[in-house]
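Student: Could you walk me through this one slowly? I have not looked at it before.

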Amino acid sequence: MAEGSEISIEQLLAKLKVREEGGEAPTPRKKALDELTLDGVVKRIQEIATSADRSKIIVMTGAGISTAAGIPDFRSPGSGLYHNLQKYNLPSPQAIFEIGYFRRHPQPFFHLAKELYPGNFKPTLSHFFIRLLAEKGLLLKNFTQNIDTLERRAGIDPQLLVEAHGAFHDAHCVDCGKEYSHQFVKDLVFDDKLPLCTQPDCAKEPQEEDDPYHGLVKPDIVFFGEALPDRFAKCAVQDTKKCELLLVMGTSLVVHPFASLVDRVPDDCPRLLINLEKVGESNPIMKLLGMGGGLDFSKESGYRDVFLEGTCDDGCRELAKKLGWEDELMKLYTEEHARMDREIAEAKQLVKGAEGKERAKETEEEGAERKEQAKETEEEGAEGKEQVKEGKSSGEGTATLEEKQKPAATGGQDEGRQCSAL
C-alpha cells in the first residue's frame with residue numbers, strides 16, 4: 001500500500017455497508033484545479049513557475065512519446081512491437097524480454113536491438129517539451145518506461161531522468177557482472193555477432209539445443225523477471241511527495257510498479273493524461289481497499305484529472321501554445337534536429353572517407369602487386385631473350401663448320417672430273 005493509504009477492516013466494512021444499503025455517497029472532494037480542463041492545467045503551471053521552489057512537475061512517459069520518431073510502441077494492434085515480433089516464432093511476444101528465454105535464445109533480442117539501437121532515431125517534439133520544462137526549472141523528474149535513450153539525446157539532464165526499465169547506454173555480463181560500454185555491444189550487434197564476456201572462462205556456448213548461454217553481455221534494460229533499478233524505488237518515494245503537477249504521456253499504465261506512480265503523488269496533485277485513449281482509470285474495488293484508484297475522469301467523482309486526447313506531440317504543442325512557449329519549443333526542436341542532421345551527415349562522411357581511404361589503400365596494394373608482377377614478367381622476358389640469344393650463337397657456330405667443309409667436298413669432285421677427262 002502507498003504511504004498514508006492504510007484502511008482498517010472496520011472502515012472497509014462500514015464503506016461496504018453504506019454502498020450496500022444505498023446510503024449517502026461520500027462528500028465530493030474539492031477540485032484540485034479551478035477547472036478540470038487544459039486551461040486549468042496551464043494556470044497551475046503558471047502558478048508553479050512563479051513560486052520560489054518551482055521544480056514541482058513530474059512527467060511520466062511511455063512508448064507513445066517516441067512513435068513520432070519512427071519507433072513502434074508495444075501494444076498498438078497491427079503496428080505495435082509485440083504484433084511485429086511474430087516473425088521470430090516466439091512462444092509469446094513478451095518472451096523476447098524475458099531473462100530466462102534470453103539466456104537460451106538471445107538472437108531474437110539482439111536482432112530487434114539492432115533495429116531499435118540509439119542513434120537511429122531523433123527525439124520528438126514531446127521530448128523537447130520536457131527539456132523546455134527542465135530549462136525553465138520546472139521539471140522535478142522525468143520517469144520513463146522507454147529504453148531508446150531519446151530523452152538523453154534531447155539534452156535532458158540525466159540527473160532529472162529515472163529510466164525505470166533501464167536503457168542501452170550501459171551493459172553488463174549477465175553471469176559475472178563485468179561492465180561493458182555501449183559501443184562494445186553496438187559494434188558486435190551491428191556485425192551480427194553475439195556480445196559475449198571477455199573474462200577468462202566466463203563465456204560458454206550451449207552444448208545442447210535448449211541449454212543456456214554463459215557470459216552474454218546484455219544492455220542494462222530491465223527484462224521481465226528482473227528487478228527495477230534502485231534509483232526508481234528511491235525517486236518514487238522521495239520525489240512523488242513533492243509533486244504539484246503530474247503529466248502522463250504515451251503510456252498504457254498497465255505495467256507495474258511504473259503505473260502505480262499515478263497514485264503516489266499527493267491527493268491534491270492535479271494529473272494530466274495526454275494520450276490517444278483514456279488509460280489507467282479508477283478501479284472502484286482497489287480504491288475502496290485504499291490501494292489507489294488510478295485516474296478518474298468522471299464528472300461525478302473526478303476532482304483532479306484532465307484528459308487531452310491526441311498524439312503526445314500534438315498535446316505538447318497545444319500546451320506550449322497556451323503557455324506562450326510554442327515559438328520557443330519549435331525553435332528548439334528545429335535547431336536541434338538540424339544539428340543532429342549535420343552530425344549524422346558528418347558521421348556518414350567520415351565513414352565514407354574511411355571507406356575511401358581503405359579502398360585507396362587496397363588499390364595501392366593492388367597496384368604495387370601488379371608492378372611486382374610486371375617486374376617478374378619483365379625479368380622472365382629478359383631471361384627468355386637471353387636464352388634465345390644463346391640459342392642463336394650456338395646455331396651460327398654449326399653453320400660455319402659446315403661452310404668450311406663444303407668447299408673441300410666441292411674441290412674433290414672437280415679433281416675427279418679432271419682425272420676422268422685425262
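Predicted model: local features only at pLDDT ≥ 70, side-chain atom pairs only at ≥ 80, totals over all residues.

Student: How many residues apart along the chain are lysine 31 and tyrosine 303?

Tutor: They are 272 residues apart along the chain, and yet their C-alpha atoms are separated by 4.6 Å.

Student: Where is lysine 31 found, and what does lysine 31 count as by relative accessibility?

Tutor: Lysine 31 is in the loop between helix H1 (9-20) and helix H2 (38-49), where helices (H or I, at least four residues) and strands (E, at least two) are DSSP runs numbered from the N terminus. Its relative accessibility is 43%, so lysine 31 counts as partly exposed; buried means under 20% relative accessible area, exposed over 50%, and partly exposed in between, with a 1.4 Å probe and protein chains only.

Student: And lysine 56, buried or exposed?

Tutor: Lysine 56 counts as buried, because its relative accessibility is 14%. Lysine 56 lies in the loop between H2 and strand S1 (57-61), and, apart from neighbours within four places in sequence, the residues in contact with lysine 56 are Ile48, Leu138, Leu140, Lys242, Cys243, Glu244 and Leu245.

Student: What does H2 meet in H10?

Tutor: Leu38, Asp39, Val42, Ile45 and Gln46 of H2 meet Glu318, Leu319, Lys322 and Leu323 of H10. By class, these residues divide into five nonpolar, one polar and three charged, where Ala, Val, Leu, Ile, Met, Phe, Trp, Tyr, Cys and Pro count as nonpolar, Asp, Glu, Lys and Arg as charged, and the others, Gly among them, as polar.

Student: At what angle do H2 and H10 pack?

Tutor: The angle is about 60 degrees, with the axes 10 Å apart; axes are lines fitted to C-alpha atoms, for helices over the stretch in contact, and angles run from 0 to 180 degrees between N-to-C directions. That makes H2 oblique to H10, since angles under 35 degrees count as roughly parallel, over 145 as roughly antiparallel, 65 to 115 as roughly perpendicular and the rest as oblique.

Student: Which helix packs with H10 at about 40 degrees?

Tutor: That is H5 (residues 125-135), whose axis is 8 Å from that of H10 (residues 312-323). The contact involves Leu125, Ser126 and Phe129 of H5, together with Cys312, Asp313, Cys316, Arg317, Leu319 and Ala320 of H10, and by class it has six nonpolar, one polar and two charged residues.

Student: How many residues of H5 are buried?

Tutor: Nine of its 11 residues are buried, so H5 is mostly covered; among them are His127, Phe128 and Arg131. Just after H5, glycine 137 takes a positive phi of about 75 degrees.

Student: Stepping back, how many helices and strands are there in the chain?

Tutor: The chain has 11 helices and nine strands, and 37% of its 422 residues count as buried. Among contacts between residues at least 6 apart in sequence, 69% join residues at least 24 apart.

Notes
Residues numbered from 1 in each chain as written. Heavy atoms only, no water. Contact = heavy atoms within 4.5 Å.
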